[in-house]
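Colleague: Could you take me through this model, please?
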Amino acid sequence: MVNYDFAVYGRDVELSQEKILKSLTNLGLTKAESKIYFYLAKKGPKKASEITSALKMTRQQLYIVIRRLQSKAIVNATIDRPAKFSAVPLNKVLDLIAKAKFEEAKIIENNKGKLLSDWESITIPAVEDSTSKFTVIKGRKHVYSKIQQMILDTQSQISVVSNLSGLLRADHFGVLDIINKHPNRSKIQFRFVTEISQQDTQSIKYLIKNLSAIIKVKARNTDIGLSLFPKMVIRDNEELLYFISPKTNQMENKDDYFSLLTNCTSIVKPFSTVFEDLWSNSTEIKQKINELETGKLPPRTLIINDEKKAKGKYDQALRNAKKEVFIVTPANRLMDMTKNIKRFSSWKSRGVSVKIMSPIIGENLAVAKELSNYVQIRHSPVNYLETTIIDGEHLFQFKNIEGAADNLDLPSTLENTFYSNDHERVTKTENILQNIWINSSAPSLITIESVFNSPPSTQTGVSASKIRQFNVYRDGKPSTFRRFPPALSPDVNVVDEKEQGVITEREVINRIIKTNREPMDNSLPKRIIACCSIGFALVHPPNHFSLPVILIEAMHIDKKSTFGAEDALMIYFWLDTPMGFKYVPMAVVGDNPRGRIAWASQTKGTPAEKNYHLLEKDQIQIQVYGNTLFAEWATPISIVPCKYTLPPAAILLEAYGKVRSYSFSTVIPSKLRNNLAFNYFEAFATLMHNASEYTGPGTDGLFIRDGYIETILP
Amino acid sequence: MFKLSLDRVLKSLVSLGISQSDAEVYIYLAKEGPKKVGDLANALELSRQQLYLSLKKLREKQIVKTSDDRPSIFSAIAFEEVIDLLIKIKKEQSASILETKKELLSSWKSADWKNNT
């Protein structure tokens, strides 16, 4: 019985416990919250460990629930360590919850208006934009209604490219009136690019006036002359409507309206960029209207990105040249010019004065000579910006391609052509070019090549075997002056000749590196070595020098050579001899007393034999930096018996093109043998003098950067 | 700005006892008009299973209705009605707690903690 009673009691307890828990969950507690609350309310304050073991839950689960109960203020924690948790009495909890619910209802009631306006402002863009859409819209009605929708959807800006008739038609059909219905139209910018002509000024004014009344509008006119004018509408850089008009651009028929609509970022973005490009290269519409009404063309300066457009404009300007064409061009472009020889003859027949400046080098010398039948052509230093000025009105500047100065094979580009017809800018640039022109020289028939190899050959560059000797006049008769090796005897046999490709640059350098100066006593050594750099510069001196054409040979002999270091100059004149024009060695200056004998033997029978000057070390300096040679002399060099004096000056040789290597040996009957090896370049020669700086064409210099001359006595 | 209003609307819906994901379904339906399950699943990028669960809960709360068409078309009641419903429920809950307070307290006293529940 007792057991039964217990059972009845127990069931009662269970029932009421279930009922209690249920009413707790009805109050908004979770099952776990209800259970813990109930346990604490009945058992009194408990530690966390007691709760977890009684309710068979993990500590982690408990803490999550306890924290929620604490935040609802129905469970408190004591400050004991470890903390004990206690339940707030149920009647208090009930009051609390009832009050909270009522408060919540009040709050929502009070905020109803705000919530409703929040609700109104919610759009569901994320859902719509998550996929890119492409739609082809056909027919005027549909295209126009889509444009209207785009206008209404605009947040910040709407950009339009269209011909004027398209804009006017859209206005006529009331498409643009929709702007009036846009709630934030004062915050929107409306930009359009169009192209207007003389007869359009009234209608564009009317259109802008109408638009300005309802929206911030900016308009520009493009002058690029787009043959097929693109039409597009871009909204906020998010949505693009692009007109594809398959048959006609006029769209007279309403069925001709075809457009592609997309919100695909990877398409809209580039089109936005296209718009911005077009925008920045266009002129304010008011300026254009003014220009059309007054007939005055305002100056314009712009970058033409598109190669075809640039070429079109350039060719047109060249064709229409009336008075004068001034061209500065790189060496390789000069070579291209012969392709268009008709243009040059047309200019010549029309009396257009044409001046061309270009670096003249071995490769383009023949072209330069051909062109000089039609135009004036002069040598200019490298690295000038490629520029053309036409009639003093049009200025074109082309982007130099990196490395084009060194590499003749690089194609030129017309991309990003700079154009200006701004009078001030064109005049200034022309003045600069005129100054360069005055200081430039025409390519001479007397080239360094002809020095070594007469008559001038049509081959490009200096033929390697020719650098051994050049044509001079001595002892009253023309002779071959054997410069390499110094002619000790006329009966020289050349053996072991190795041209470019057989001997490499590396091999020549290695010979020099391996050379060590041998200790020298008073007797003549068996083996004489000169490691040297040699520059040959053909100088056409400015008039006030009162000098004939000069060939300057500057020799820098390294200290590991047998006779030690020496800087020396040998001066040749191009003189009218009884046998015609020849190079004549006129003077030698050096700074090593031991070199005197060597020079004397080399200049035997020429005026230079009597014109040897020993200079102090600080009066002559020849230095080699990479592929340039710089020679400077601080005293005037008098050249007897002539009345000439070469003033103190400097020459600079700047190598260009590819290095060439060459080696050979010579044997003379007395068994004296010479072994020679060179790495050499063609070079631009510049004469620097405080009164003038003169730069000669690339055909005027030869630079032996690495020279090895070995003489073995029998 | 739109983000904030969306947050506030979501919050008020959550306070009605609607989960965030269910609330999003409601907002989409209320804004875009009646939809089939397939369309909803595509637009909201939810699985049909998830969607049916959400719709079931929303129907229980009486803020989403379904038509007798096949396939069924779901529609949402207007947001203003939802707010009114929300206020009504809160007030009712508050009143009913106070009404049943005595009864609850008496059964509370007789109830004792038994660990076997």
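Modeller: In chain A, 67% of the contacts between residues at least 6 apart in sequence join residues at least 24 apart; two residues are in contact if their C-beta atoms, placed from the backbone, lie within 7 Å. This is a predicted model, where local features need pLDDT of at least 70, side-chain atom pairs count only at pLDDT 80 or more, and totals for chains, interfaces and linings use all residues. Residues are numbered from 1 along each chain as its sequence is written, while chains are lettered from A and ligands numbered from 1 in the order in which they are written.

Colleague: How many residues does each chain bring to the contact?

Modeller: Chain A gives 35 residues and chain B gives 36 residues. Helix 5 of chain A supplies the largest share of the side of chain A that touches chain B, eleven residues. Helices here are DSSP runs (H or I, at least four residues), numbered from the N terminus.

Colleague: And which way does helix 5 of chain A run relative to helix 5 of chain B?

Modeller: The two are roughly antiparallel, a term for angles over 145 degrees. Their axes, lines fitted to C-alpha atoms over the stretch in contact, with angles from 0 to 180 degrees between N-to-C directions, come within 8 Å and cross at roughly 160 degrees.

Colleague: Which residues meet there?

Modeller: Among them are A:Leu94, A:Ile97 and A:Phe102 in helix 5 of chain A, and B:Ile83, B:Leu86 and B:Ile97 in helix 5 of chain B.

Notes. Parallel < 35°, antiparallel > 145°, perpendicular 65-115°, else oblique.
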